[in-house]
Amino acid sequence: MRVLFWNINGVAREVAQFKLRELIRDFKPEVCCLVEPKVASSANFGRRLITEGYSPDIIHNSSCSSIANLWICYTNGLNVLVVNTSKQAITVAVEGVHISFVHASYVQVTRHRLWQQLDMKDTVTPWLVMGDFNCILRLDEKKCGRETRSSVIIEFSDWIDDINLFEADSLGNKFT
């Protein structure tokens, strides 16, 4: 299964929509997660945004007090079930696999709730976790900005170890 994750940082921009269609055409993902779309989700917008062959229904984590910061789009006919959702993550079940899409808070204390939500170590179901964790495992993953406290790196590393995750290689620019 091909899965695409992109922090689109504003889906209403024509250049972003063009690039999204290009990525979908080139990589043909069955599931696609957009982070920080910065507009309200709707089936009508989904039909305009996503290319033919995708469901107009967008899974999102909007609430009555905020617009969604995570949108999940998927191909027609794919059975996608929401397992868990919060302001920082959505976990779905697709073809016998759990996929968690993450847009973690930049506030360390708030991320603790995410670490608790994303604890699926007791399941035998394969699990893919991807996203923007707003923290790093190594100092070479960061460029500019504030210096990262070692406690934040250790906490993130410990969480990954505790739930038996491992880091996969990424594709694309290291820094954008």
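1. Helix 1. This is a predicted model. Helix 1 covers residues 14–27, which is 14 residues. From its first C-alpha to its last, helix 1 reaches 20 Å, close to the 20 Å expected at 1.5 Å a residue. Its buried residues are Ala16, Gln17, Leu20, Leu23 and Ile24. Viewed down the axis of helix 1, these buried residues fall within an arc of 125 degrees, so they line one face of the helix. On the other side of helix 1, Glu14, Val15, Phe18 and Arg25 are exposed. Lys28 follows helix 1 and has a positive phi, near 50 degrees.

2. Salt bridges of helix 1. The search of the whole structure finds three salt bridges. One of them joins the side chains of Lys19 and Glu22, at 3.5 Å from N to O. Both residues lie in helix 1, three residues apart, about one turn of the helix. Lys19 is partly exposed, with a relative accessible area of 35%, and Glu22 is partly exposed at 22%. A further salt bridge brings together the side chains of Asp26 and Arg25, at 3.3 Å from N to O. Asp26 counts as partly exposed at 43% relative accessibility. Arg25 counts as exposed because its relative accessibility is 53%, the cut-off for exposed being over 50%.

3. A salt bridge between distant parts of the chain. The side chains of Glu167 and Arg138 meet in a salt bridge of 3.1 Å, N to O. This pair links distant parts of the chain, with the two residues 29 residues apart. Glu167 belongs to the segment after helix 4, whereas Arg138 belongs to the loop between strand 8 (127–132) and helix 4. Glu167 is partly exposed, with a relative accessible area of 48%. Arg138 is also partly exposed, at 38%.

4. Helix 4. Residues 150–162 form helix 4, which has 13 residues. Helix 4 reaches 18 Å from its first C-alpha to its last, close to the 18 Å expected at 1.5 Å a residue. Which residues of helix 4 are buried? They are Val152, Ile153, Glu155, Phe156, Trp159 and Ile160. These residues cover an arc of only 165 degrees around the axis, which puts them on the same side of helix 4. The buried residues of helix 4 pack against helix 3 (108–117). Just after helix 4, Asn164 takes a positive phi of about 60 degrees.

5. A nonpolar surface patch. Tyr106, Val107 and Val109 make a nonpolar surface patch of about 360 Å². Val107 is located in the loop between strand 7 (97–103) and helix 3. The relative accessible area of Val107 is 35%, and the residue is therefore partly exposed.

6. Positive phi in loops. Lys38 is not a glycine, although its phi is positive, at about 65 degrees. Lys38 is found in the loop between strand 2 (31–35) and helix 2 (43–49). Glu95, likewise a residue other than glycine, has a positive phi near 50 degrees. Its place is in the loop between strand 6 (89–94) and strand 7. Glu95 is exposed, with a relative accessible area of 59%.

7. The protein as a whole. There are four helices and eight strands in the protein. Along the sequence, the pattern reads β-α-β-α-β-β-β-β-β-α-β-α. Of the 176 residues in the protein, 41% are buried. Among the contacts with a separation of 6 or more, 58% involve residues 24 or more positions apart. The protein exposes about 10500 Å², and carbon and sulfur atoms supply 52% of this area.

Methods. Residues are numbered from 1 along each chain as its sequence is written. This is a predicted model: local features need pLDDT of at least 70, side-chain atom pairs count only at pLDDT 80 or more; totals for chains, interfaces and linings use all residues. Side-chain values use heavy atoms; hydrogens and water are left out. The expected span of a helix is 1.5 Å times one less than its number of residues. Buried means under 20% relative accessible area, exposed over 50%, partly exposed in between (1.4 Å probe, protein chains only). The arc is that of the directions from the helix axis to the C-beta atoms. Contact means heavy atoms within 4.5 Å. Patches are made of residues with over 30% relative accessible area and no salt bridge: like charges are joined within 9 Å, nonpolar side chains (Val, Leu, Ile, Met, Phe, Trp, Tyr) within 5 Å. Accessible areas come from the Shrake-Rupley method with a 1.4 Å probe; for residues, only the protein chains shown count as cover. A salt bridge is a side-chain nitrogen of Lys or Arg within 4 Å of a carboxyl oxygen of Asp or Glu.
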